[in-house]
Amino acid sequence: MAHAAAVALRALGAVAEPEAAAAAASEGGEEDAIAAARPAARAAATVVLVAGFEAYNKGLYTQVAADLKERCPALEVLAFSDRDLSERPAEVEAALARADCFFSSLVFDFDEVEWLRERAERVPVRLVFESAYELMSLNRVGSFEMKPKADGSKAGPPAPVKAILSKFGGGREEDKLAGYLSFLKIGPKLLRWVPGKKARDLRNWLTAYAFWNQGGERNVASMLVYLAEEVLGVETGLEPDELVETPALGLWHPAAPRGKYFERPREYLRWHREEYQGSPGTPKLPLDAPVVAVILYRKHVITKQGYIWQLLLGLERKGLRPLPVFINGVEAHTVVRDLLTTEHEQAQRAAGLVELDSLKERECVAVDAIVSTVGFPLVGGPAGSLEGARQIEVASAILKAKNVPYVVAAPLLIQDVLSWTRSGVAGLQQVVLYALPELDGAVDTVPLGALSGDKIVLLQERVDKLADRLNGWIGLAQKPAAAKKVAIMVYGFPPGVGATGTAALLNVPKSLERALEALRAEGFDLGPLGGDVELEGKGELIVGALEALGDPRLVAEGRAPRTAAEAGATPNPLLDPTSELCCARVDTVPAPQLREWLEGGVGLRDARSLLDRVETQWGPLERYRGIMTDNQGSAVVGGLQIGSVFIGVQPLLGVEGDPMRLLFERDLTPHPQYVAYYNWLEHVWGADAYVHFGMHGTAEWLPGSPLGNTADSWSDALMGGVPNVYVYAANNPSESIVAKRRGYGTIVSHNVPPYGRAGLYKQLNTLRDLLSEYREDPVKNDEGLRGPIAETALSAGLERDCPFDEGIPDAEFSSEVAEAADADTFGQWASRMWTYLQVVETRLFSEGLHTLGVAPGAEQVEQYLEAYMDGRLPAGSAASIAHSASLGAEELLEGELQGADAHAVGEAVAVRDLLRETPGELEAVLKALRGEYVPSGPGGDLLRDGPGVLPTGRNIFALDPYRMPSPAATKRGEKIAAQVLEQELAA
C-alpha cells in the first residue's frame, strides 16, 4: 500500500527534475524518455509466491497459476502460504532454489521473515509488498532495489521525489502514508516521463504492485504476465489486461444493487435506511437504529470474502446498523477523523470547541461506535508512521474528539480455528489484535474467526458476542444516568479473615464513598443514600454489611436479616429493616433457573455445554449443596441495592483452604453459585455495567482460552454483554492486561500510595547499633560484641539473608560458631551485615492506601518527589516544590531553588502537576459509565517507568513498543556489550 510506495521511492537513487522530465517527454515521447532495453529473452521462468496475511488468497493464486500454465507452459507459478514455511519447509526451499522470481506479500512474523531472507536473496528478481522492512529490503527489479545504504541506514527519497510527494498527504505527518496512496495511482504514469533504467525498473515494480493491490483473478494474472514479459524476458504470447480498478476507499454492502461501491457515507446510509429492506429473516431496522462504523480491509472487499456478509448480517440481526468502510490499511485514522462524527463532537463544535479541523461537514455521518477489523494502530495501520514516530497521541486526539467506544474485532488471518480454540491467539496475531490497538485505547477485543484451510471463517457466537457488547456500550450512552443500573463488585479473599472489601493498595471503604458521591452528582439513583445524605463513614458500613450477609445462618435460609439483632453485634442501618437506610437484598437462584441460563452455551473444544462442565465438576445442580447455597440447594446472591447501584462481593473461587486452585488447574470449572451470581446480575437485576473495584478479581482468571475468548472461556460467558469498568492499580499493568483481554475490562488506573523508607525496627535496630559500635574499633570490641551480634542476627532470622560463611550451612550457624571464627571471617561477615541493613533501611515501599480520585496532599507529594528524584535535588527541594503548588519551575529557580539543576527542577514540577490530576480517576469511571472513550496510557511504576505512567485514570496498556528499549535499558545493554567484547578480546 502506501508503505510500499514510500519504501520504493526512498530506494530510487536519482530522478530528473520534473521540468527536465517534461522536456524529455515533449522532445521524444516515452521511448526517448525511458532509455532502457527489455530484459534478455529466456525460454521459461519460475515464480515462487508466498502469501502471508493474505493466505486466504492462496486459492486464487493457485487457480491463476493453473490457468497460466495451461495458456503459457513457459511460465510456472508456485503458490504457498506462510503456514507452508513451517508445514512444508523442504518443498518451499526447493522451489526457491530454482526460482527466477520471488514474490511475497504481507509477511511480518520475525521467524518467517528471517527464513525467507536467507533463502530468497539468491533469487535474481524479488518483489515484496507490504511486509516487514527486513523482507522489503530484498526487493530487486533490475537496477532498482530497496537494500539499505552501506552504513545500514534507510535511504531517503531524492529531492525531486520529495517535491512530488509533498503534494500528497495534506502536510500532516500522520497523513503522508495515506497521501502516497494517491501517488500510487499515477506513479507509473509519471515515471514514463522520467529517463533512466532505474526509473523504468521502479515503474515495473510499481505496475506489478498496482495489479496486486487491486486484486482479483484478472489483475493477478495480468501482473504475472506483465512480470514475465517486462522483467523476466519470457515470451508468453499473452497481453496483460488493463488494470481493473476499484476505489481505494469507499463503502460496500453485499446487498447493494449490482455490487455497488458507495463513495460517501451519507450516500450509503441513505440507501441502507430508505431502500435496503433487510436480509431474509431479519426485519428492516428502525430509522434510529444505532450506527456502528465497521472498518474493513479493501482487499477483503474486492475479493468478496464471505465473512463480511456474515459480520454485517450478524450486527443487523442484533439491531445495529453497520457502516462498512473499506480502506487499504493505512487510512483508518483519516476515515475516523474526517468522515465519522458523533453527537458529542457535534455538541462540542456547536459550543465553539473544534477539536479536529479536518472534519468534512458535508460528507460525515454520526456513529455510535467504531469497530476496526484491521487491527494494528489506528494511525498508520500495518505500516506505522513514515518517521517511526509515536502516533498514539494523534490517535488519542481523534478518538477523544469522537468520544465513542473503539473496538477491534477481526478474524485471525495467520492462525487456524483449531489452534486458536485450543491454545489461544498466538504470536503476531497478539500484536495485531491486542497490543497495538490497546495503545490507542481499544476495548473489548473479540477475535471473530480464523482460517479453515485457506478460507476465512467466522464463528457466529463470536459475531453475536461482539454485537452484544456493542449494544451494551451504546445502551450506556443512550440511557440517562437515573435509569442505569451499575453493579460494583468488591472482593473478600481470603475468606473468613476479615478481608471483605479489601484490595491491594486501595482504601476500598473510602473509595466507595467517593465513587457513590460521584455517581450521585452524575444523576444516578442512590435510593436511601440519595439527596443530601451524608456519605462520610458509609464505606465502612457497606463493607460491614457485606461481611454480615455472608453469615452461614443467613445463607442457609437464603435471606437478609429480619431484625436489627440479626444484622450483627454492631448496629448497621444498612441492614436494619427498621432503618430508612436499609438496602440489603438477598435473592436465590433455583437449580432449574441456573440450568436454563447455562443450557445455551456450547463450547467449541469438544461440544460440551457450559452446563455439562459445571455438573461434571460439581455434580447435578439439583443435588448440589455447597458454596453459598441455601438449604434447598438454591444459589444465594446477596448484596446492597442502593437505588440503581448494587454492591456485592465477588464469589469465592473454591473451597476454603484451597481458594486458588481454579487459577492453576485449567480444566476446573467455577461452582454453581459463582456462575449464578453473574447471571443473576445480568438477567434478573439487569446490570448495565459492572465496576470491579480494585486489584484484583478472579473472573478473568477462570478456565478458558489463554487469549482470545471463545465459548469455552468462563470469563467470556460470565461477562456476557455487560460493559466492565475495572479500577486497577497503575503499577501492575501485567495483570491488568489479563483483566482487559480475558475479562473485557476497560481499565481505569488508580495511583499507588506515596513511597516511604522501610527503616529498621526492634532487633534490626538493635543489631545496627551493635554493628555500629563494633565498627568503631573492631579489634577492641571483637571479644565483647561477637556473641550479642550473632544472637541478635539469629533472633531476627537473618542467617539466610546474610550467610555467615559459605562453608557453614545456615542451620548450623550459632553464636558459638561466630565466637570460634577467626577475626577476618567475622569482620567480613559484620561488614556484609552492615551493608545489608543499610539496604533494608533505605528500601522504598508504598506507604498507606490510596483513595480513588483523591489527589495527594503536599506532604504526600513531597514523599513521591523524594523517592523519584533520589538525591538529584538539594535537600529540602522536594518540600519546596510540593508545598508551592502554584509556582512553576522558572519561578522556583528564581526564588527558593536558585542554583539548583534546572532540568531536575522541571522534572519534579512536572511530576507534581501530574499527581494533581489524580481526581481524573473518578471522571474516567464516569466516562466509561456514560459509554464514552477512556483515553489510554502506559501502566507502570513512577520510580521504575517514569512520569509517563501519570496521570492515572487512564485505560492502561502493558507494553509500549515505541518506548523500547528505554534509555536506561539502552545504557545497560551498551555496558554489557562492552564487557562481553572486552572479555572476548582478553581471552
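**Labels and their grounds**

Modeller: The model is a predicted one. In it, strand β17 (residues 486-490) and strand β20 (residues 645-649) run parallel and are joined by five bridges.

Colleague: What makes β17 and β20 a pair of strands?

Modeller: Two strands pair if at least two bridges are found between them. β17 and β20 have five bridges, and therefore count as paired. One of these positions involves Ala 487, whose bridge partner in β20 is Phe 646.

Colleague: To which sheet do these strands belong, and which strands stand at its edges?

Modeller: The order is β18-β19-β20-β17-β21-β22-β23, an open sheet of seven strands with mixed pairing. β18 (584-589) and β23 (745-750) are the edge strands, as each pairs on one side only. From one strand to the next, the twist averages 25°. Helix α22 (residues 538-548) lies across β17, β19 (635-642) and β20, and runs at about 160° to β19.

Colleague: Why are β8 and β16 called edge strands in the sheet of eight?

Modeller: That open sheet has the order β8-β7-β10-β9-β13-β14-β15-β16 and mixed pairing. β8 (261-262) and β16 (455-458) each have a single partner strand, so one side of each lacks a neighbour in the sheet. Helix α12 (residues 265-274) packs on this sheet and touches β7 (250-252), β8, β9 and β10, its direction making about 145° with that of β10. Between β9 (residues 291-297) and β10 (residues 321-327) there are seven bridges in the parallel sense, with Tyr 297 opposite Ile 327 of β10.

Colleague: Why do Cys 101 and Cys 364 count as buried?

Modeller: Buried means under 20% relative accessible area. Cys 101 has 0% relative accessibility and therefore counts as buried; Cys 364, at 4%, is likewise buried.

Colleague: How many disulfides does the structure hold?

Modeller: The structure holds zero disulfides. The criterion is a pair of cysteine sulfur atoms within 2.5 Å.

Notes: Residues numbered from 1 in each chain as written. Predicted model: local features only at pLDDT ≥ 70, side-chain atom pairs only at ≥ 80, totals over all residues. Heavy atoms only, no water. Buried < 20%, exposed > 50% of the residue type's maximum accessible area, 1.4 Å probe, protein only. Helix = DSSP H or I, 4+ residues; strand = E, 2+ residues; numbered from the N terminus. Contact = heavy atoms within 4.5 Å. Axes fitted to C-alpha atoms, helices over the stretch in contact; angles between N-to-C directions.
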